[in-house]
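Subject: Structure handover

Hello,

Here is the structure for you to look after from now on. Please open it alongside this message.

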Amino acid sequence: MYNEIDLDKIDINSEPPEKEPDRQYYFMAKCRKWVKDFEQKNGRLPKAFVLNMGCQMNARDSEKLKGILLQMGMEAAEDETADLVLYNTCTVRDNANQKVYGRLGYLQTLKKKNSHMKIALCGCMMQEPEAVERIRKTYGFVDLIFGTHNIFKLAELFFQCLVDSAMVVDVWDSTDKSVEQLPTERKYFFKSGVNIMYGCDNFCSYCIVPYVRGRERSRPSKEILKEIRELAKDGVKEVMLLGQNVNSYGKNLAQEQICFGQLLRQVNEIEGIRRIRFMTSHPKDLSEDLIAAMRDCEKVCRHLHLPLQSGSSRILKLMNRRYTKEQYLELVERIRQAMPDISLTTDIIVGFPGETEEDFLETLDVVRKVRFDSAFTFLYSKRTGTPAASMEEQVPQELVKDRFDRLLKEVQRISSQVCMRDAKTVQKVLVEDENDHQKGYVSGRLSNNLLVHFPGDASLIGQIVPVELVEAKGFYYIGRQQSGSDAG
Ligand code: SAH
Ligand code: SF4
Ligand code: F3S
């Protein structure tokens, strides 16, 4: 629906409008003129490649970036052999940054072969002044740098790049507005992320996200519901409500009194939407009301990602997580009482400063007690500017590695048992893709997010179909489609 604006009707010889998003549509129209000239000169459309390097929030931003570029008339490229390469970066752990520096070397060789090529970097890593400084100094061939707060400005900034040969850098420290009414290019026609809030105020002591994403800002529920209704009309069946801590949704909304549980109930009413997911839930803010809303709303998927980070109350305190081991376990208990079939997944950090063997054993203990369906395990990564970076007693690398391996083994052992509990039953599967590895198979997800592969063709993509889970493979199933349609 956002794509209905006719760029050709915009007078690109007049002054740019001040108001957003009109200003961006004006620059999209100017870029489209450049696209047409490019096509005439080169006999082909200019190609753009957007690479998402971060979390679901970044993935959603990447869809918006892609939407703007396609609206300009550029063609989507499958890899970096393109005329514009845009990396949407992450900086949550140092290896994310190293990946960017590594790839920049490769981009430089590509740029030498393609004189049209523009290289742009945006996203969380660009909010760090040290990273921008290093790129300015060492990677002078980069054309454009912008941050997380002004992704909506892509058209304007790209246009500036076309007329100006110097590196364009536009990174904002913060923002209090969000510009939403812009084109987006969804990766899947049947599912979509929906931002319900931006930023984070939790300041977990190891985490850089609050510094690069800014203060927590909830979107008014009216706007969110309108967006989801439009998505439903457009064929979307599954929405993923996105925020760094969705459980605190609404807390800072001046104009209305609403909490996340209430929002879930309202989304549940929207016709056409069949599945609702959300990410991420902070244990400290997971209320009784939310548990009840999850239980009552039939469209809310039976999956909860509930990051633990550590099982040691002492470390949790140092991490500024604001819950104890016992509170976490008790919360899991309450969730399971309300929804016995729920699948629980988590994030765990190993090697936080000062973590002892005893602390680590507490983490293993929680893993064994909760029996997570799966867990993302991370080596602690020191992030400059966070309180944990200046904590003494950073744990030696060999110890961290050893604990990490032990944890991973335990997580995988439990996961392979827990995940397979639905074997031999018939479950609804939302079909997502044709299977890359096995011809004649499609892949889809259960309500609890597990993957199922079963014989079928592309016509099933986007449908929710009953599938018998014939064979349990540890982390996924092989299934067989049952008769029955997508309805209901
Ligand atoms: N807002 C989400 C997390 C976003 S970051 C939440 O609170 O759950 C995703 C995960 O990255 C975190 O859950 C944490 O486990 C991990 N992480 C964040 N900072 C890290 C660091 N400095 N080192 C290692 N892992 C980190
Ligand atoms: Fe980082 Fe904590 Fe915010 Fe999650 S809740 S983004 S871990 S500061
Ligand atoms: Fe990374 Fe930014 Fe997400 S730092 S984890 S992409 S919010």
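Below is a short account of what was found in it. Please keep in mind that this is a predicted model.

Sheet

Six strands make up an open sheet with parallel pairing, and their order is β2-β1-β3-β4-β5-β6. At the edges are β2 (75-76) and β6 (168-170), each of which pairs on one side only. Inside this order, β4 (residues 118-123) and β5 (residues 144-146) run parallel and are joined by two bridges. To find your way there, look for leucine 121, which stands opposite isoleucine 145 in β5.

Charged patch

On the surface there is a patch of negative charge where Asp433, Glu434, Asp436 and Asp457 gather. Aspartate 433 lies in strand β15, which covers residues 426-434.

Glutamine 327

Helix α11 (residues 325-338) contains glutamine 327. The relative accessibility of glutamine 327 is 43%, so this residue is also classed as partly exposed. How far apart in space are glutamine 327 and proline 283, C-alpha to C-alpha? The distance is 8.8 Å, while in sequence the two are 44 residues apart.

Regards

Methods. Residues numbered from 1 in each chain as written. Chains lettered and ligands numbered in written order. Predicted model: local features only at pLDDT ≥ 70, side-chain atom pairs only at ≥ 80, totals over all residues. Heavy atoms only, no water. Patch = residues over 30% accessible without salt bridge, like charges linked within 9 Å, V, L, I, M, F, W, Y side chains within 5 Å. Areas by Shrake-Rupley, 256 points an atom, 1.4 Å probe, with all protein chains shown as cover. Salt bridge = Lys/Arg side-chain N within 4 Å of Asp/Glu carboxyl O. Lys, Arg positive; Asp, Glu negative; His and termini not counted. Charge placed at Lys NZ, Arg CZ, Asp CG, Glu CD. Helix = DSSP H or I, 4+ residues; strand = E, 2+ residues; numbered from the N terminus. Buried < 20%, exposed > 50% of the residue type's maximum accessible area, 1.4 Å probe, protein only. Pairing = 2+ DSSP bridges.
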